[in-house]
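User: I am new to this kind of model and would like to learn how to read a helix and its surroundings. Could you take me through it step by step?

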Amino acid sequence: MNFALQPMNEADGPVVLEIYRQGIATGNATFETETPSWENWTAGHLAHSRIVARNGPSVLGWAALSPVSSRCVYAGVAEVSIYIAEEARGLGVGRALLEELIRQSENNGFWTLQAGIFPENEASIRLHKSCGFREVGRRERIGKAGRPLARYSARRKAQQDSTAYLGRAEPRPRPKPVRTPLSHCRKTRDSYQRHRFSDAAKSLALDAP
Ligand SMILES: CC(C)(COP(=O)(O)OP(=O)(O)OC[C@H]1O[C@@H](n2cnc3c(N)ncnc32)[C@H](O)[C@@H]1OP(=O)(O)O)[C@@H](O)C(=O)NCCC(=O)NCCS
């Protein structure tokens with residue numbers, strides 16, 4: 001299938017939400033049961049790395065990132081959202097979008113991407129695994145329905161992976177100064193939140209795909 005990967009723009013809002021609705025309807029993509037307003041969707045996702053796959057005027061799918069926490073230590077960690085229109089699934093669109101999302105996330109200084117995937121969502125598991133994600137754990141009884149949720153993570157960049165140093169006795173090597181999301185970090189959490197994340201993004205839970 002022919003398509004081009006392009007930045008998502010405001011005019012794509014309705015079709016992005018319609019494709020999200022189709023994903024919700026599978027029952028295996030997300031805990032969400034209702035499509036958000038465009039304002040809520042846009043407030044919950046990072047402003048960069050919003051990508052659509054276009055075939056002429058049609059949007060076939062989209063990918064975007066959400067912050068996982070307002071704490072500075074997680075500044076380079078983001079959650080993947082990827083949704084393909086019903087008629088375009090299984091044709092390689094998801095793979096192309098996820099690869100491009102990873103590339104753009106790295107260009108924006110992100111070092112780890114994660115995804116919460118229901119074990120029944122075979123297509124999403126295959127897609128993430130083939131792009132370098134691995135299962136790092138399973139949460140039981142998350143959400144009202146009590147469904148288990150597998151957590152997939154990909155450490156995309158060698159730099160500044162703070163979690164890798166937890167518990168080490170020796171001082172952590174100083175990373176080379178590069179422009180990462182931490183460059184935007186302020187000393188207090190409040191100022192960091194004001195600077196980087198919207199109110200809606202602040203309330204995002206780690207285990208809510
Ligand atoms: C999951 C989803 C994003 C995958 O995108 P896609 O464009 O359909 O997938 P692709 O055609 O790029 O295929 C990617 C991989 O998944 C595999 N795959 C695709 N559809 C599959 C299916 N129905 N069952 C099992 N594997 C499948 C492909 O064989 C391919 O595997 P490979 O890389 O090992 O060769 C898409 O199906 C979708 O939007 N589903 C509904 C919303 C959703 O679940 N989003 C993810 C939430 S975590």
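User: Which residues of H3 are buried?

Analyst: In this predicted model, the buried residues of H3 are Val93, Gly94, Leu97, Leu98, Leu101, Ile102 and Ser105. An α-helix has 3.6 residues a turn, so residues three or four places apart point the same way.

User: What do the buried residues of H3 pack against?

Analyst: Their partners are the strands S1, S2, S3, S4 and S5, together with helix H4. Just after H3 comes Gly109, which takes a positive phi of about 85°.

User: Which residues of H1 are buried, by comparison?

Analyst: In H1, the buried residues are Val16, Ile19 and Gly23, and since they cover an arc of only 65° around the axis, they lie on the same side of H1. The face turned away from that buried side carries the exposed residues Pro14 and Ala25, while the buried residues themselves pack against S3 and S4.

User: How many residues surround the ligand, and which are the closest?

Analyst: The ligand is surrounded by 24 residues, of which the closest are Gly23, Ala29, Gly94, Ala123 and Ser130. Two or more residues of this shell are given by each of S4, H3, S5 and H4, and the largest share, six residues, comes from H4. Sorted by class, the shell has 11 nonpolar, nine polar and four charged residues.

Key:
Residues numbered from 1 in each chain as written. Predicted model: local features only at pLDDT ≥ 70, side-chain atom pairs only at ≥ 80, totals over all residues. Buried ≥ 20, exposed ≤ 12 C-beta atoms within 10 Å, placed from the backbone. Helix = DSSP H or I, 4+ residues; strand = E, 2+ residues; numbered from the N terminus. Contact = placed C-beta atoms within 7 Å. Near = placed C-beta within 6 Å. Nonpolar A, V, L, I, M, F, W, Y, C, P; charged D, E, K, R; others polar. Arc of directions from axis to C-beta.
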